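Please find below some notes for a first look at this structure. They are meant to be read with the sequence and the model side by side.

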Amino acid sequence: MSGAVLEVKGLMKSFGALVAANNLNVEVMPAARLSLIGSNGAGKTTFVNMVTGYLKPDAGQVKLDGKDITRLPPRLITRAGLGRSFQIPQLCEAMTPVDNILVALEIAGDGGSVFRPARTKGSLDRAVEMLERFGLERYAGRPVNELPGGVRKLIDIAMSLASRPRVFLLDEPTSGVSTEEKFPLMDKVMAALEGERSAVIFVEHDMEIVTRYADRVLAFYSGEIIADDAPDEVLNDPAVQKYVTGTAR
Amino acid sequence: MNPILRTFGLAALGALVFIAIGLVVPAWFLFTMTKAVGFGLVALGLVGLLRGGLLSFGQGLYYCGGAYVSGLMANWAGVTDMIVLLSVGCIAGGLIAALVSPLVARYRGIFFAMLTMALSMVAYGVLTKIAAIGGSDGFNVPKPTLLGYHLAETGFGLYAIAVVIAALAAAVCRVHFDSGLGLIASAARENELRIEYLGASVFSVSTRSFILAGGLAGLGGTLNGVALGHVDPFFSYWTTSGEMVFIAILGGYASVTAVFGTALVTELVRSFSGQYFPESWQMLLGIFLLLVIVFLPRGVGSMWAKPAKNHAIRSIKEPAT
Ligand SMILES: Nc1ncnc2c1ncn2[C@@H]1O[C@H](COP(=O)(O)OP(=O)(O)OP(=O)(O)O)[C@@H](O)[C@H]1O
Ligand SMILES: [Mg+2]
């Protein structure tokens, strides 16, 4: 076996006449830092959604640690060890960040029990500790719908990490986040993943972020992967410059 | 102190206080309070559903199911012991809910409300047609006993049992709502997609709340069937279910005790205005509901139960991209 933690083979998806994923093949090693780039509508989100069970592929296979997870519902994919965050944060809006994290920790633990209160000293400490890892402790007590975009993104990411996934997909973690906040946000995410050996796959439009945080880049164009290599190689590829980054002259 | 033990301790204390109150109030009031407990139990189940974002307009079905199964058992098998009857009624309500849950638990919002109501109306229709169990007239339920003793005519014995059941049910629900599973249920009300992507099944969460609500409704139905000495298909009629929803919303989902208070007020308003201004008790209840919505939008229970701040409003769901 290849030693890949995630294997994607021949993934296909069409929406009517539009081919959003055309025979996608990817192998991801443990602890990889993989960035997905491509212009709007290139098929990045479609790829993430198929891998994470939000969309059913028309054909192809997704394997996590050698186990076929292709058509499993999202909760079983999560339990198998694959996590994701969302381009628009998916939070329990009227609850506080602490409660959001408590929910994530309960589910990631034994799935919750009637015989154990949700708010014990121990569980609250663990939730606050989790918020501290992302520098969010000062927001702990306010409903998340009152919090700024960057903070909401981080809570969404923190929740997804409660289950300690072996593969973690982030769809545009820095979109909707101000330029000054982008690097600190990515720093926090990467720091939180230190020592976890999780493979990280993130969709990103900002090439500075890509070159700083990725060790491998997949360039999407029109439902296909047109380049798959180290960041420098991919960003210097003429096709990528023509169709993705728009830097070709 | 262990919070679970503390909750049950408080419940025991509350039960003793209300049993003591029962010694000094007139018999008609004991009867009203007993009936209020019956309604309050059903409303308590609805509170559990509401916390998970589900509103059932058909709890009459499980209420009726509990009343019929326990009542028939008393008639046909001659079992009149309240402990047995209440257990049987509770299990019957929970079982019926478990049977229909695969059908209803995947629906939300208005579909869930209408589907549960439709099922209760089907049961109503069927029961009115079965002559062997009284058709639309229903049947009488024999006088209850407890461990071989006949329960007194004044209704104190039945009232005391009702108080104990109410205290137990409130404590069980408090422990459940405050538990990890209870928190996950509230989270499912807020964002189902998030819950699924954390690895939990929203369907199981809903099913659990639904079966619990069915069991509580079965208990309430048994209690009221015995208290009234009579059950009929009207237990499953949509207006009965509607009244339970009314009581639950008045009580709000912060508290597990408020529903018993609002059930009592509803009963009192009904009997008094029925006596003094017939045909207008609904108007009085309507005014009461208006006042609660304006001044206590999270229900009467929000006056003393505080954690509602975390669960105040249902969010508008954002699409995943
Ligand atoms: N549910 C859907 N129904 C129909 N078409 C869809 C659906 N989801 C995506 N598409 C189409 O598939 C193509 C790929 O979309 P996708 O969202 O994967 O792009 P993307 O690379 O994530 O773009 P962006 O950078 O804008 O997020 C687009 O043309 C899009 O319009
Ligand atoms: Mg996208």
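1. A residue is called buried under 20% relative accessible area, exposed over 50%, and partly exposed in between. The model under discussion is predicted. Asn23(A) has a relative accessibility of 45%, so Asn23(A) counts as partly exposed. This residue belongs to strand β2 of chain A, which covers residues 18-28.

2. The backbone of Asn23(A) deserves a look. Most residues other than glycine have a negative phi. For Asn23(A), phi is positive, near 55°. Ala31(A) is another non-glycine residue with a positive phi, near 65°. Ala31(A) sits in the loop that joins β2 to β3 (33-37) of chain A, and with 28% relative accessibility Ala31(A) is partly exposed.

3. How many salt bridges are there over all chains? The search of the whole structure gives 17. In chain A, one of them joins the side chains of Arg152(A) and Glu93(A), at 3.0 Å from N to O. Arg152(A) is in helix α5 (residues 149-161) of chain A, while Glu93(A) is in the loop between β6 (82-85) and α3 (97-108) of chain A, so this pair ties together parts 59 residues apart in sequence. Both Arg152(A) and Glu93(A) are buried.

4. A further salt bridge in chain A is formed by the side chains of Arg116(A) and Glu106(A), at 2.6 Å from N to O. Arg116(A) is in the loop between α3 and α4 (121-133) of chain A and Glu106(A) is in helix α3 of chain A, so that the pair, 10 residues apart, links distant parts of the chain. Are the two partners buried or partly exposed? Arg116(A) is partly exposed, as its relative accessible area is 31%. Glu106(A) is buried, at 8% relative accessibility.

5. Chain B has a salt bridge between Glu267(B) and Arg270(B), with the closest N and O atoms 2.3 Å apart. Both residues are in helix α11 (residues 258-276) of chain B, three residues apart, which is about one turn of the helix. An α-helix has 3.6 residues a turn, so residues three or four places apart point the same way. Glu267(B) is buried, with a relative accessible area of 3%, whereas Arg270(B) is partly exposed, with 24%. The two also belong to a network of salt bridges that links Lys35(B), Glu243(B), Glu267(B) and Arg270(B).

6. An unreviewed UniProt entry lists several spans of chain B as "transmembrane region", among them residues 7-30 and 244-269. In the model, residues 7-30 of chain B are 92% helix and 0% strand, and the end C-alpha atoms of this span lie 25 Å apart. Residues 244-269 of chain B are 77% helix and 0% strand, with the end C-alpha atoms 15 Å apart.

7. Helix α5 of chain B runs over residues 109-129, 21 residues in total. From first C-alpha to last, this helix reaches 31 Å, close to the 30 Å expected at 1.5 Å a residue. Which residues of α5(B) are buried? They are Phe112(B), Ala113(B), Thr116(B), Ser120(B), Ala123(B), Leu127(B) and Thr128(B). These residues cover an arc of only 140° around the axis, so they are on the same side of α5(B). Ile110(B), Phe111(B), Val122(B) and Lys129(B) are exposed on the other side of α5(B). The buried residues of α5(B) pack against several helices of chain B, including α2 (27-51), α4 (82-104) and α9 (202-228).

8. Over all chains, the structure holds 14 aromatic pairs. In the pair of Phe183(A) and Tyr213(A), the ring centres are 6.2 Å apart and the planes are at 35°, so the pair is tilted. Phe183(A) lies in helix α6 (residues 179-193) of chain A and Tyr213(A) in helix α7 (residues 207-213) of chain A, so the pair ties together parts 30 residues apart in sequence. Tyr213(A) is buried, with a relative accessible area of 9%.

9. The rings of Phe234(B) and Tyr237(B) have their centres 5.3 Å apart and their planes at 20°, so the pair is stacked. Phe234(B) is partly exposed, at a relative accessible area of 45%, and Tyr237(B) is partly exposed at 23%. Phe234(B) and Tyr237(B) form one aromatic cluster together with Tyr124(B) and Trp238(B).

Methods
Residues numbered from 1 in each chain as written. Chains lettered and ligands numbered in written order. Predicted model: local features only at pLDDT ≥ 70, side-chain atom pairs only at ≥ 80, totals over all residues. Heavy atoms only, no water. Helix = DSSP H or I, 4+ residues; strand = E, 2+ residues; numbered from the N terminus. Buried < 20%, exposed > 50% of the residue type's maximum accessible area, 1.4 Å probe, protein only. UniProt positions renumbered as here; feature names shortened; annotations may be inferred. Salt bridge = Lys/Arg side-chain N within 4 Å of Asp/Glu carboxyl O. Expected span 1.5 Å × (residues − 1). Arc of directions from axis to C-beta. Contact = heavy atoms within 4.5 Å. Phe/Tyr/Trp six-rings, centres within 6.5 Å; stacked < 30°, edge-to-face > 60°.
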